[in-house]
Amino acid sequence: MLTAPLDTPAASPEDESDAALLRQSLSQPERFAALFDRHSDEIYGYVARRLGPETAEDVVAETFLTAFRKRGRYDLARPDARPWLYGIATNLVRAHRRTEVRRNRALARSREREAAESFDERSAARVTAERLQPRLAAVLAQLTAADRDLLLLIAWADLTYEEAAQALGVPLGTVRSRLHRIRKKLRRALGGDNPMATNEESLA
């Protein structure tokens, strides 16, 4: 006697990789909403630190709209879409370069803190725009857009070197050499402190 097969419950979006959601969204566009729910707050935090909250909402909306339009080109071999999304957001931030430089210059002019904030080996990954020392803000304002993008993807988005290379579309060796140059600039500007020191530095 034949019995009807049991229905297999659909996987919850929380149990699926970003790549799986993007693949499904090609035929079921509504599945893309799960990707937005998963990563939008994190992308917003990164953009807000760079441009301020006034601009961040529009940039984040444009980031996910661009991602939706380009989802058919996503490399499904990469389960985590964060570097891809950060890359899109970073490209959009560049259109607001003047806003970012003005923001950093304003921070650079702010009153020096009574107690200088020290940098331990992981502090760069936790620094926020509100806690930036004026000297560091001044350095950020003087960096090229490409160097600033790389520095902040490592420091604020907490991407690995490999993920930063993926986000920016450059070779891993380029990331390492540029970070080495950026560290030198930061050390000179901050009197020998190295806010870019990370657990990966020993691998560089």
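I note first that contact means heavy atoms within 4.5 Å. I also remind myself that this is a predicted model.

**Entry 1: one aspartate**

I looked up Asp 149 and found this residue in helix H7. Which residues does Asp 149 touch, leaving out those up to four places away in sequence? My list reads Tyr 46, Arg 50, Thr 90, Arg 94 and Leu 168. Is Asp 149 buried or exposed? Its relative accessibility is 1%, and buried means under 20%, so I wrote down "buried".

**Entry 2: a leucine**

Next I turned to Leu 153. Setting aside residues up to four places away in sequence, I found that Leu 153 touches Tyr 46, Tyr 86, Thr 90, Asp 158, Leu 159, Ala 167 and Leu 168. Tyr 46, Thr 90 and Leu 168 had also turned up as contacts of Asp 149.

**Entry 3: the core**

I then looked up the largest nonpolar core, and it has 45 residues. Leu 153 is one of those with the most contacts inside it, and so are Ile 43, Tyr 46, Val 47, Trp 84 and Leu 150. Several helices supply at least two residues each, including H1 (18-25), H4 (82-94) and H7 (145-155). Which helix gives the largest share? I found that H2 does, with seven residues.

**Entry 4: the whole protein**

Finally, I stepped back. I noted nine helices and zero strands. Of the 204 residues, 47% are buried. Among contacts between residues at least 6 apart in sequence, 63% join residues at least 24 apart. The accessible surface comes to about 11300 Å², and carbon and sulfur atoms account for 51% of that surface.

Methods
Residues are numbered from 1 along each chain as its sequence is written. This is a predicted model: local features need pLDDT of at least 70, side-chain atom pairs count only at pLDDT 80 or more; totals for chains, interfaces and linings use all residues. Side-chain values use heavy atoms; hydrogens and water are left out. A nonpolar core is a set of buried Ala, Val, Leu, Ile, Met, Phe, Trp, Tyr and Cys residues joined through side-chain atoms within 4.5 Å. Buried means under 20% relative accessible area, exposed over 50%, partly exposed in between (1.4 Å probe, protein chains only). Helices (H or I, at least four residues) and strands (E, at least two) are DSSP runs, numbered from the N terminus. Accessible areas come from the Shrake-Rupley method with a 1.4 Å probe; for residues, only the protein chains shown count as cover.
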